[in-house]
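Please keep the structure open beside the numbered points while you read.

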Amino acid sequence: MKKNIRKKINDNAALNRDECLYLFQGCSIHELGEMANLANLTKNKGKVFFNVNRHINLTNVCISRCKFCAFSRDKGEKGAYVFSVDDVIEKVKESLPMGITEVHIVSGLHPDLTFDYYLDILRAVKKFAPQLHIQGFTAVEIHYFAKITGFTITKVLEIMKEAGLDSLPGGGAEVFSPRIREELCPKKATGFEWQEVMTEAHRLGMKSNATLLFGHIETIEEVVDHLISLRELQNKTGGFQSFIPLPFHPQYTLMENFEKPTGIEILKMLSASRLILNNFTHIKAFWIMMGLRLAQLSLKYGVNDLDGTVVEEKITHSAGATTPEDIPRLELIRLIREMGRIPVERDTLYNEIKQY
Ligand code: SF4
């Protein structure tokens with residue numbers, strides 16, 4: 001089996017389900033790392049990307065209250081907030097001197113905010129700083145907007161695109177398995193619905209990312225099926241830019257008794273993702289969730305993107321993340337160089353802004 005897997009990886013061919021399972025069950029971290037590193041270097045020639053962006057989480061009020069989420073609040077609960085259009089513009093304004101090229105917007109599913117609120121935000125940001133790319137609204141949020149407006153997914157996306165939305169992040173995918181969603185997040189879009197939104201967004205020419213939340217109740221089989229679904233969707237649409245495996249942060253969630261994934265588990269997931277997703281160019285380590293040191297190390301385990309400078313992040317920090325909320329560009333460059341790789345600042349669509 002190992003020989004076959006190596007041959008397929010050298011040929012950038014798709015591994016079948018059994019081979020994917022074998023990566024997790026029959027390969028050591030060193031074997032995975034070596035193969036993932038090779039696959040990455042073949043594709044990306046030693047370049048490691050990052051962007052200079054600003055995250056804005058518009059509201060933490062959410063009707064879904066997923067068990068793994070420490071960020072969300074009920075309406076009226078202590079700590080619940082909603083940003084106004086002015087608040088958002090203020091945040092964009094204070095980030096412009098840092099040279100941001102992207103505003104990244106992800107929020108809870110608020111029971112009362114109207115669709116117009118989100119459109120007003122998009123229009124205001126575009127009016128204030130038309131040069132900025134707006135990546136925002138997970139497939140789960142888009143699905144929710146269709147529900148509250150009665151519009152089709154296509155219509156919601158078309159209206160948002162018209163208002164200034166440029167691309168979608170990859171959040172809300174969690175694990176597609178119906179068993180897991182029923183157990184952890186039964187109130188939001190299903191895995192199938194998440195994929196429907198992405199298919200439509202890609203058809204309309206909007207790029208997106210894809211994610212996996214791991215380190216909770218998932219089985220290896222469910223992880224592999226999730227990755228194979230993404231690979232198949234990518235074959236159909238070609239619209240995914242990067243894949244981002246997100247390690248679960250249990251603190252302050254309803255699953256506080258769970259242990260955080262270990263460094264080895266995280267590196268294994270990153271390497272296996274690189275190997276299974278042979279049609280994804282970019283595998284991203286979201287340093288906010290795994291810590292800078294491990295993110296740096298992951299560059300030898302299939303990763304070629306360290307996300308961005310972020311500036312303000314509430315979702316993972318609500319779950320006890322102790323990483324900083326921002327990181328200067330120079331620090332990212334240093335971390336990348338130290339691993340013998342080439343730091344490349346990119347825009348959201350992976351156009352190269354500058355090689356360092
Ligand atoms: S993960 Fe997203 S949808 Fe789920 S409760 Fe948190 S904010 Fe809401």
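**Notes on the model**

1. Strand 5 is largely enclosed by the rest of the structure, because seven of its seven residues are buried. Here a residue is called buried if 20 or more other C-beta atoms lie within 10 Å of its own, exposed if 12 or fewer, and partly exposed in between, with the C-beta atoms placed from the backbone. Strands (E, at least two residues) and helices (H or I, at least four) are DSSP runs, numbered from the N terminus.

2. Please bear in mind that this is a predicted model, in which local features need pLDDT of at least 70 and side-chain atom pairs count only at pLDDT 80 or more, while totals for chains, interfaces and linings use all residues. Residues are numbered from 1 along each chain as its sequence is written.

3. Between strand 5 and strand 6 (residues 240-247) the parallel pairing runs over six bridges. Leucine 212 has proline 245 of strand 6 as its bridge partner, and leucine 213 has leucine 246 of strand 6. The chain passes from strand 5 through helix 10 to strand 6 in a right-handed β-α-β crossover, meaning that, with the strands pointing away from the viewer, the path from the first strand over the helix to the second runs clockwise.

4. Helix 6 (residues 139-149) is mostly covered, with eight of its 11 residues buried, among them Ile142, His143 and Tyr144. The buried residues of helix 6 pack against helix 5 (115-128), helix 7 (153-163) and helix 9 (191-203). After helix 6 comes glycine 150, whose phi is positive, near 80°.

5. Which residues touch the most other members of the largest nonpolar core? They are Ile142 and Leu275, in a core of 98 residues; such a core is a set of buried Ala, Val, Leu, Ile, Met, Phe, Trp, Tyr and Cys residues joined through C-beta atoms within 7 Å. Helix 11 gives the most to this core, with seven residues.

6. Lysine 268 lies in helix 11 (residues 263-276). Is lysine 268 buried or exposed? Lysine 268 is buried, because 23 other C-beta atoms lie within 10 Å. Leaving aside neighbours within four places in sequence, lysine 268 is in contact with Phe24, Ile29 and Leu32, where contact means that the C-beta atoms of two residues, placed from the backbone, lie within 7 Å.

7. For the chain as a whole, the secondary structure comes to 15 helices and 10 strands. Of the 356 residues, 49% count as buried. Along its principal axes the C-alpha trace spans about 55 × 45 × 40 Å.

Terms used: Two strands pair if DSSP finds at least two bridges between them.
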